[in-house]
Amino acid sequence: MRCAAIVFFLYAACAGAAELRGDAIFLCDALRQPSIKSSEATAYGKLADALAAAVGNERTRPEVARFLAVLRNPQGRSFDVAPEGNTEKIFRSVPAETITISCAPSVPQYLVEVATAALLAERIRIEHELPAMKTRAAILEKASRDAEDLLKNGLAMWPWELWLNGLRLSDKDADPLFRTQWVVLRPSAGIEIDLRSQASADLQASVMLEPLGFVRYRGDSYAHWWGASLVVTSSTNRGAGVGALLRWDNYVIGLTRHKGEGSEPDSTFLMVGVDLYDLLNKKRTELKDWDAFARLRSAP
Amino acid sequence: MAPGMNVLFLLHGVGRHAEGWSRDPVAALQAGMKLYPECFEAGKSLDRYLTVVEIKYDDIFDTVLDRWAELAAALPAPTGGFNWTSKVTQLLKKAGDERNIFARYGGDVLLYCGFALVARAARLRINSLIASTIVEENEAALRDRRSPPKFALAAHSLGTTVAQDALYQLASGRWVSDEQQLAADPNFVSALASSAPPGGLAVNLHGLFLVSDTSPVLHQSGYYSELERNGAYDCHAVWSINHELDPISVVGGAFEPGPWRPDKKNVRVGHFHRENIHDFAHYLAHPAVHCEIFRLLIPQFSGACYQKAQTLAEAPVWKGFGGELAGWLTQERSKLKRKLRTAARRDRQPMKLRDATEKYYKAIGLL
């Protein structure tokens, strides 16, 4: 018991910031007893009545009158009591209306009542706003996840695409993120297949440039999309081609038209992105393996 | 998190920051606690008095650089004269591979200020963590019938800009529609009469500490520190804390006059306890800096403790050379000061800040 008393004394001697302890208030390094009870703090109006009764004639003091007026019409105002130097301040966020409680040499009882009412009012404010705070936190979590998913999982953007798509954002982060991404001057690798000379398996490695296009995201995590673009290709020995492509996730397929040289007629090429080409190749190998396996099994 | 304590969010600046990056700043605060044996119990660490929440956003920059490097690596060399794809590939791979240098050279500044999608992702990450922490801590306080806790954020360097922008969005954005609010809280209509008017939900951050403030030059949204609603600032108190020879503060516009709120507190320090005076921990070690954080957030740090810190801050060791540099000769001291002055250019442009960052790190031998 004696130990507890010593600990409490030490704590009280050092403590600074105001806080409620049951029906008492710890203010300016001392435990003080207000006449307002925390049970009276069920609503701002009730609290204002209790404070008016507790301060008696002091209610005409400008700072008390001001406090009572705000308490009766709080409009979301914070009633936090915060330390600064050797003072405690109420309405610190409104410099012209700040109520300063000097901690030396003694604190008048009416300010003890006001500080108590402020701490109780702050609790009421938090209670009122907590459901909205929770909703906001949940919305923010989703918005944050979307913003990072786009950068992590979405169609990778070249620096200029990242910059241009950024220009489309609203200046308010609370507005939802777009679901359609622009594709601009996007280079990538592909394979072009001459549809006129399939017999010779005329595959051309090519650099593709998409002057303009878009992708539309589907699903939740910006990991899947479809889209379309105009495309210009430059293959190793068939010159420049012009056409259009379709995109499904990382798979790209399109058609390009290459001008024939001299008397050669123009050619239409099937254009395949590297990922789709890899996928098709993999499937083809799997099929070959399966054929070989099937032949082995059927062999006498 | 321990119940019943106030919360300090820490936000980093440029450079690479892994998980646990706040170890140094926290160590600086703990070292500061030892200067006041009458205010803190011997052997007790900071986490017995304060909940520190570390916030990290530079992995978002990493993601972007990694993806650029991937794109560049997948690009084939074109046929014909000018090999433009190789040039692009080289540039982007260099940024991704030499991430440490890129970050130190101020590349983070370019990513944040030049790419709105990157900046938005960083702001949302920060706001999501702050908003959820505020909910959790307030909920616990109400459940235990305690006074609601106080929340403050100490941001460093580029982090000051990110903090101003992010909190401005958090406090001014219409995150919750009336319909959503009504769905979440059946008492919403009756509560409306006494709570904030629809359209915005205050953050009510109790303190914002801008350490080596770059927000005057780099900010992308409004200033959270100046945001008012119904005549009240959303941020209860703001401190701009700068070293008089920190090139980042100088170029970042921290010493320029501006339309700041009348109660904004400017803390100017001039100590040299290590070569990297821009370092977050170097700032926090100073009594004039940590006393403001302790006084706001640690109830045990009384007015008398605050006074002691103010007195300590005037001591010669906190006004000039000390710590690791205590043994330096006059010549070495003058040389460092000269280098720092040279690194500072007062042009108010993001690119100039990037240049100043590069010069600064070169001057102190970290590049």
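Which residues of helix 14 of chain B are buried?

1. **Helix 14 of chain B.** This helix spans residues 303-313, and its buried residues are Gly303(B), Cys305(B), Tyr306(B) and Ala309(B). A residue is called buried if 20 or more other C-beta atoms lie within 10 Å of its own, exposed if 12 or fewer, and partly exposed in between; C-beta atoms are placed from the backbone. Seen down the axis of helix 14 of chain B, the buried residues fall within an arc of 160°, so they line one face of the helix. That arc is taken from the directions from the helix axis to the C-beta atoms. The buried residues of helix 14 pack against helix 13 (287-297) of chain B.

2. **Basis of the model.** This is a predicted model: local features need pLDDT of at least 70, side-chain atom pairs count only at pLDDT 80 or more, and totals for chains, interfaces and linings use all residues. Residues are numbered from 1 along each chain as its sequence is written, while chains are lettered from A and ligands numbered from 1 in the order in which they are written.

3. **Chain B overall.** Chain B has 16 helices and eight strands. Helices (H or I, at least four residues) and strands (E, at least two) are DSSP runs, numbered from the N terminus. Of the 367 residues in chain B, 52% are buried. Take the contacts in chain B between residues at least 6 apart in sequence: 79% join residues at least 24 apart. Two residues are in contact if their C-beta atoms, placed from the backbone, lie within 7 Å.

4. **Chain A overall.** Chain A has six helices and twelve strands. Buried residues make up 38% of its 300 residues. Among contacts in chain A with a separation of 6 or more, 48% are between residues 24 or more positions apart. The domain assignment gives domain 1 (12-128) and domain 2 (159-298) of chain A. Such bounds come from an automatic or database domain assignment. The centres of the two domains, taken over C-alpha atoms, are 68 Å apart.

5. **The A-B interface.** Here 67 residues of chain A are in contact with 68 residues of chain B. Several elements of chain A each supply at least two residues to the side that touches chain B, including strand 1 (19-21), helix 5 (159-167) and strand 8 (203-218). Helix 4 of chain A gives the most, with 25 residues. By class, this side of chain A has 36 nonpolar, 15 polar and 16 charged residues. Ala, Val, Leu, Ile, Met, Phe, Trp, Tyr, Cys and Pro count as nonpolar, Asp, Glu, Lys and Arg as charged, and the others, Gly among them, as polar.

6. **Nonpolar cores.** A nonpolar core is a set of buried Ala, Val, Leu, Ile, Met, Phe, Trp, Tyr and Cys residues joined through C-beta atoms within 7 Å. The largest has 163 residues, and those with the most contacts inside it are Ala115(A), Val118(B) and Ala152(B). Helix 4 of chain A gives the most to this core, with 18 residues. Domain 1 and domain 2 of chain A both give residues to this core, so it lies between them. A second, separate core of ten residues includes Val207(A) and Tyr277(A).

7. **Glu192(A).** This residue is found in strand 7 of chain A. Glu192(A) is buried, with 27 other C-beta atoms within 10 Å. Leaving aside neighbours within four places in sequence, its contacts include Gln204(A), Thr233(A) and Phe269(A).
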